[in-house]
Amino acid sequence: MPASTRNSAYLTGLRQGAPFLLILVPFALLFGVVATEAGFSLPEVMGFSMVVLAGAAQFSAVQLMAENAHTLVVIATALAVNMRMAMYSASLTPYLGAAPLWQRALVAYGLFDQTYAVAHARFEARPEMTVAERIAFFAGAVTPMLPAWYGMTLVGAVAGRSIPPQFALDFALPITFLAMVAPALRTPAHVAVAGTSVALALVFAGLPFNLGLMIAAVAAMAVGAEIERRMGAR
């Protein structure tokens, strides 16, 4: 494949991924602040962001660790929150499954909510793209996001306590997921999953250690799978 074609796909991914910085930057700042205030050292905060690289799971884990929750509860909660990554991977497999293993490994590391939203929308809209073009597009989309996540986590950890409270950085968390989820509610299964997860999360909000979130996540996936099974049977 001509390098110019791959370069074009890369630049397109770069352009489409860049707007997500408006959400990712305050999100990363907020994590740096929260983790530091929870007692994490700077190396621990940065290690968390660079190794785990999963914002919602990171927030959940830090909160539980600050509450001295049992290690198994922390791990189980983080895994429950990150179950969506398995679904992301499954939905991208038809588009990227033929790529070399090392490329798929890099995609797996850079796969999070924002990169998935950009990539899946593009791949679905342009089925004629080759695997090489898709990999290049994904690389372009992740290019502005990873450095921003690392850098703004560092800024939040170092200078976060001096950020005025009125800046309300925590707005980034709900906005991120609203922006991603709303356009994806296209089938009865999608709507049922969203409704079930919200309803059960509210019902079980009083349970300790965010166990309500785990119950809601598992139940919502079961509901979605059952609806899709019945629709497929028809």
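Glu226 and Arg229 sit 3 residues apart in helix α13 (residues 211-233), so about one helical turn separates them. Helices here are DSSP runs of H or I with at least four residues, numbered from the N terminus. The model is predicted: local features need pLDDT of at least 70, side-chain atom pairs count only at pLDDT 80 or more, and totals for chains, interfaces and linings use all residues. Residues are numbered from 1 along each chain as its sequence is written, and side-chain values use heavy atoms, leaving out hydrogens and water.

A salt bridge is a side-chain nitrogen of Lys or Arg within 4 Å of a carboxyl oxygen of Asp or Glu. By this rule there are 2 salt bridges.

| Salt bridge | Closest N to O |
|---|---|
| Glu226 – Arg230 | 2.8 Å |

Glu226, Arg229 and Arg230 form a salt-bridge network. Arg230 lies 4 residues from Glu226 in helix α13, again about one helical turn.

A pocket is an open set of points on a 1 Å grid over the protein atoms alone, where a 1.4 Å probe fits, with protein on both sides within 12 Å along at least five of seven lines; lining residues have an atom within 4 Å of a point. Helices α7 (101-109) and α9 (131-142) each give two or more lining residues. The most come from α7, with 5. Among the lining residues are Trp102, Tyr109 and Phe138. By class, the lining holds 9 nonpolar, 2 polar and no charged residues.

Key. Nonpolar A, V, L, I, M, F, W, Y, C, P; charged D, E, K, R; others polar.
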